[in-house]
Amino acid sequence: MSRIGKAPINIPSGVTVTFANKVVTVKGPKGELYQDIDPAITVQIEEGVVTFERASDAKDHRAKHGLYRSLVNNMVIGVSQGYKLEQELVGVGYRANSKGQDLELSLGFSHNIIFRIPEEVKVSTVSERGKSPVITLESHDKQLIGAVAAKIRSLRKPEPYKGKGIRFVGEQIRRKAGKAAGK
C-alpha cells in the first residue's frame with residue numbers, strides 16, 4: 001500500500017477542489033491550478049477532505065497513486081499559502097536586478113544575461129553592501145517555480161573549488177581541495 005497515496009488531503013478554508021472529466025481543479029486566494037488524473041485513479045471529495053484510490057495493485061497504479069496525491073496536495077498548499085524560493089549569487093562582481101518580469105544577471109561573463117520570468121512567478125532582488133545578492137521567487141505553482149529556479153541556477157552552477165555561482169539560500173556545497181593539497 002502507498003503510504004502517501006492513502007493519506008487524505010484536508011482542504012483549508014477559502015480553497016475549493018473540484019473533479020470533473022478526469023481533471024482536478026483547485027481554486028484559492030493565490031490562484032487557480034489544474035491537473036489531469038489517470039483513469040486508474042479515482043478522486044473522492046467529501047466534507048473538506050480529498051482521498052485517492054487506485055484500481056488495482058499493478059506497479060503502474062501503485063506509482064501513480066502517490067504521485068497524484070502529492071501533486072494535488074502541492075496545488076492545495078500553493079493556492080492557499082504559496083511557495084517561495086531564495087537563491088544567492090556568490091562571487092566577486094555577481095549582481096542581479098529585476099525590472100518587472102525581466103531578471104538581469106551579471107555573472108562574470110562578457111555580457112549581462114537577461115532572463116524572462118513567466119507571469120505566474122513574482123521575482124524580486126535584494127543587494128546589500130557586503131552580502132551576496134539574493135533573488136526571491138514567489139508563486140502558487142510549485143512545479144513552475146522549481147523549473148524557473150533550476151534554469152536560473154544552471155546559468156552559473158556553484159563550482160566545488162571556490163564555491164562561486166548561484167545557489168539556494170542555505171544550500172551546502174561540497175568543496176574540493178586545490179591542487180596543492182593533492183600532493
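These legends describe close-up views of a predicted model.

**View 1. Asn21 in the loop between strands E2 and E3.** Strand E2 covers residues 16-20 and strand E3 covers residues 23-28, and Asn21 sits in the loop that lies between them. Asn21 is not a glycine, yet its phi is positive, at about 55°. Most residues other than glycine have a negative phi. Asn21 counts as exposed because its relative accessibility is 75%, and the cut-off for exposed is over 50%.

**View 2. Lys22 in the loop between E2 and E3.** Lys22 is a residue other than glycine with a positive phi, near 60°. The relative accessibility of Lys22 is 47%, so Lys22 counts as partly exposed.

**View 3. The open sheet of 3 strands.** The strand order is E1-E6-E5, and the pairing is antiparallel. Strand E1 (9-10) and strand E5 (41-46) are the edge strands, each pairing on one side only. Strands of a sheet pair through backbone hydrogen bonds.

**View 4. The pairing of E5 with E6.** Strand E6 is made up of residues 49-54, and its antiparallel pairing with E5 extends over 6 bridges. Opposite Val49 in E6 stands Glu46.

**View 5. Helix H2 across the strands E1, E5 and E6.** Helix H2 consists of residues 59-80. This helix lies across E1, E5 and E6, and H2 runs at about 165° to E6.

Technical notes
Residues numbered from 1 in each chain as written. Predicted model: local features only at pLDDT ≥ 70, side-chain atom pairs only at ≥ 80, totals over all residues. Heavy atoms only, no water. Helix = DSSP H or I, 4+ residues; strand = E, 2+ residues; numbered from the N terminus. Buried < 20%, exposed > 50% of the residue type's maximum accessible area, 1.4 Å probe, protein only. Pairing = 2+ DSSP bridges. Contact = heavy atoms within 4.5 Å. Axes fitted to C-alpha atoms, helices over the stretch in contact; angles between N-to-C directions.
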